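Please open the model in your viewer and keep the selection tool at hand. The stops below are to be taken in order.

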Amino acid sequence: MPSFTQLIKCRCCGSTDLSQYLDLGMMPMANNIQNSKDAAESVERFPLAVLFCNNCSLSQLSIIVDPVVLFTNYVYRSGINNGYVNHCRQMAKELQYKHDLNENSFVVDIAGNDGSLLKQFKEEIGCKVLNVDPAQNLYKICENGNGVRMFCTFWGINAANHIKANWHQPVNLITATNVFAHVHDVKEFLNAVNIVLADDGVLVLEFPYLIDFIDKKEFDTVYFEHLSYFAITPLMWLVTDCGMKIVSVSKQDIHGGTVRVTITKQWSNIPVEQSVDDFVIHEESQGFTSLSKYANFSDTVNSTVTKFRDGLSSLHGTVAAFAASAKGNTLLNSVGSCSDIQYIVDETPEKIGKFAPGIGTEIVPLVHLLEFPVNYLIILSWNFADEIMSKCRTAGYQGKFIIPIPEWQIIQ
């Protein structure tokens with residue numbers, strides 16, 4: 001049985017002054033796919049709720065599920081998504097230019113999944129690269145498929161000391177895309193970075209932005225892997241406490257609203273850009289540092305779920321979904337009965353033929369959409385809607401599409 005612990009103090013500032021503003025009820029682990037419908041429908045569920053820290057304004061889950069259960073065998077693969085691969089290619093080019101990376105530079109990616117990002121740094125720039133990721137099932141794909149060396153472990157003080165002792169070179173760039181929100185001990189995370197980072201090196205984080213989470217009603221990004229929902233204000237609190245500084249912040253279009261944050265050592269000569277103050281001032285002026293901003297979010301979520309449920313029941317014709325994603329699982333389990341959805345199309349080989357946790361819907365390959373056509377296709381990974389719709393049209397799908405977030409929308 002997966003173990004979990006109750007959060008009793010803020011992971012950023014240590015305050016116990018926490019207020020709940022969203023409760024999604026008892027939910028399954030989003031990536032806990034099963035080999036049968038019965039097993040999928042009967043998986044264990046845990047309380048999924050979001051708390052607000054009244055001291056530093058961090059949003060965070062009320063419990064922490066054991067990360068060994070969540071990440072040791074991880075069914076998500078970065079390289080399956082062309083949109084993300086293109087993002088990686090562009091990111092490598094931008095960081096090469098901004099931080100003078102070359103063939104002598106050492107780049108570490110924390111939780112680099114199948115090595116898709118580091119592959120760009122290695123092949124396009126010639127950097128020395130290392131992926132630090134606990135997912136043992138991705139080892140061969142990373143090393144043999146993408147040619148990226150992988151250190152199969154969780155990031156932390158022990159991993160950092162091992163790298164320092166065995167690679168004999170300070171790290172010029174550490175990247176962590178879509179992982180920082182997964183980390184409970186964020187102080188150890190940053191302290192480990194300090195151990196291996198060169199004095200003029202940088203840590204680049206990318207994570208979903210809290211402001212988009214609230215404004216765009218992205219409640220489906222709430223699942224047990226996502227422990228925190230960061231704005232820049234609480235991150236500033238944390239980074240300063242760990243002897244570091246934020247030097248730049250920028251918005252990225254990927255994943256429905258992401259921020260890229262560049263962090264370096266406090267004594268680094270890298271100047272702090274105006275963008276940092278701009279983000280903090282905007283968050284304060286829009287009320288995101290006060291609990292009252294979040295007071296009605298639960299009602300907003302309930303309204304979105306009701307519109308989805310009503311929209312689904314009003315359709316005349318057959319329905320399927322695309323993307324057995326974590327966010328899709330949160331959405332469908334929030335809706336409840338999804339018996340009208342015949343199947344979920346996905347392109348991750350490890351998911352095909354299995355069943356989505358909680359709802360028990362079968363996960364099938366893209367060809368299934370042509371062999372058993374439907375009238376409507378719900379795009380659960382709405383953040384990649386354009387790419388998915390183009391792919392389905394190219395494959396021969398002729399039905400309509402449904403975008404569920406932020407509002408129920410049918411596209412001809």
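Contact here means heavy atoms within 4.5 Å. The model is predicted, so local features need pLDDT of at least 70 and side-chain atom pairs count only at pLDDT 80 or more, while totals for chains, interfaces and linings use all residues. Residues are numbered from 1 along each chain as its sequence is written, and side-chain values use heavy atoms, with hydrogens and water left out.

Select Arg 393 in helix α14 (residues 385-395); helices (H or I, at least four residues) and strands (E, at least two) are DSSP runs numbered from the N terminus. Beyond its neighbours within four places in sequence, Arg 393 is in contact with Gln 398, Gly 399, Phe 401 and Gln 412. A polar atom of the Arg 393 side chain lies 2.9 Å from the backbone oxygen of Gly 399. Arg 393 has a relative accessible area of 33% and is partly exposed (buried is under 20%, exposed over 50%, partly exposed in between, with a 1.4 Å probe and protein chains only).

Next, turn to the salt bridges (a side-chain nitrogen of Lys or Arg within 4 Å of a carboxyl oxygen of Asp or Glu), of which the count is 12.

Select Glu 407 and Lys 307, whose closest N and O atoms are 3.3 Å apart in a salt bridge. Glu 407 lies in the loop between β18 (400-403) and β19 (409-411) and Lys 307 in helix α11 (residues 297-314), so the pair ties together parts 100 residues apart in sequence.

Move to Lys 37 and Glu 41, which form a salt bridge at 3.1 Å, N to O. Being 4 residues apart in helix α1 (residues 37-41), they are separated by about one helical turn.

Finally, select Glu 94, Glu 206 and Arg 260, which are linked in a network of salt bridges.

Methods: A polar contact is a pair of N or O atoms within 3.5 Å; within protein, one must be able to donate a hydrogen and the other to accept it, and residues adjacent in sequence count only if both atoms are side-chain atoms.
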